[in-house]
Amino acid sequence: MRADEVKAVFDQQAAGYDTQWARMSPIRNALYFLLESLFVDLPSTAKVLSVGVGTGTELAHLARRFPEWRFTAVDPSGPMLEVCRRRAAEEGFAARCTFHEGYLDSLPGVEQHDAATCFLVSQFILDRAERAAFFRSIATRLVPGGMLTSSDLATEPGTRYETLLRAWMNMMSAGGVSPEMLDRLRKAYSTDVAVISPTEVESIIAAGGFETPTQFFQTGLIRAWCARTPG
Ligand SMILES: C[S@@+](CC[C@H](N)C(=O)[O-])C[C@H]1O[C@@H](n2cnc3c(N)ncnc32)[C@H](O)[C@@H]1O
């Protein structure tokens, strides 16, 4: 999918996104729980960049846990970002956020962040070089030694993919995702989402200017890595 098509998909999904995925919260919460332990050594006044922030669930989690941190929330989808903005206002942390509707390359200023989150975003960039350039654009917004955390659907192809995909579909079905949506997702995974091997994802993150990535999380098809910019 081209970037504008990805944006259009999320524009359409924004209003129902949180309801649609509500029953997947055990996976999200496990990821966020580990995220906290990775970020716990950041300065008490850390600045965190959240790329592809969507409706802001990871942002809200960090804002609750670390009350002095400030955030830059970036997303090309206005409707997704609007849900995030509303959440921040309702939960009382909007004053600690800068919202940017657009891609990272149009983010004004050159402020350096202590860390970044990028959850379920880079998988939509099918071209390897573009995906590495995307990670590089995050690296340039981080302090030396700053930490990226990134999650994506990823697995080895073949039997492993088939096994995990079947379980993933069953899990989403049990979580209330409609059969039509499951069908759309299954097709999207083979055409519009780069579900590639973990080793390849790691080499793309490294090609984007990060030191050796460490996988810190896997639940079904979702894996997450942390990696630092050179110190
Ligand atoms: C699957 S959602 C994930 C949202 C959130 N991070 C989460 O985990 O719930 C992907 C989000 O990334 C945004 N996005 C897609 N391509 C992007 C890009 N190149 N740069 C920044 N955000 C992007 C979409 O608009 C969407 O809001």
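How far is a nitrogen atom of the ligand from an N or O atom in the side chain of E58? The distance is 2.7 Å, which falls within the limit for a polar contact (a pair of N or O atoms within 3.5 Å; within protein, one must be able to donate a hydrogen and the other to accept it, and residues adjacent in sequence count only if both atoms are side-chain atoms). This is a predicted model, in which local features need pLDDT of at least 70 and side-chain atom pairs count only at pLDDT 80 or more, while totals for chains, interfaces and linings use all residues. Residues are numbered from 1 along each chain as its sequence is written, and side-chain values use heavy atoms, with hydrogens and water left out.

A nitrogen atom of the ligand lies 2.8 Å from a backbone N or O atom of G52, and an oxygen atom of the ligand lies 2.6 Å from a polar side-chain atom of D75. On its own the ligand has 590 Å² of accessible area, of which the protein covers 92%; such areas come from the Shrake-Rupley method with a 1.4 Å probe, and for residues only the protein chains shown count as cover.

The shell around the ligand holds 18 residues, the closest being G52, E58, D75, P76 and F119; a residue belongs to such a shell if one of its heavy atoms lies within 4 Å of the molecule. By class, twelve of the shell residues are nonpolar, four are polar and two are charged. In this scheme Ala, Val, Leu, Ile, Met, Phe, Trp, Tyr, Cys and Pro are nonpolar, Asp, Glu, Lys and Arg are charged, and the others, Gly among them, are polar. Helix 1 (3–20) and helix 3 (57–65) each supply at least two shell residues, and helix 1 gives the largest share, three residues. Helices (H or I, at least four residues) and strands (E, at least two) are DSSP runs, numbered from the N terminus.

Helix 3 is mostly covered, with seven of its nine residues buried. Buried means under 20% relative accessible area, exposed over 50%, and partly exposed in between (1.4 Å probe, protein chains only). The buried residues of helix 3 are T57, E58, L59, A60, H61, L62 and A63.

Strand 3 (residues 97–101) contains H100, which counts as buried because its relative accessibility is 10%. Beyond residues up to four places away in sequence, H100 touches A73, V74, D75, L81, S106, L107 and P108; contact means heavy atoms within 4.5 Å. L120 lies in the loop between strand 4 (113–119) and helix 5 (128–139). Although L120 is not a glycine, it has a positive phi of about 60 degrees. Its relative accessible area is 30%, so L120 is partly exposed.

In strand 7 (residues 222–228), A227 is buried because its relative accessibility is 4%. Its contacts, apart from neighbours within four places in sequence, are G146, M147, L148, I205, F210, E211 and P213.

How many disulfides does the model contain? The count is zero, a disulfide being a pair of cysteine sulfur atoms within 2.5 Å. The closest cysteine sulfur to that of C84 is in C97, at 6.5 Å, and therefore too far for a bond. For C118, the closest cysteine sulfur is that of C226, at 14 Å, which is also too far for a bond.
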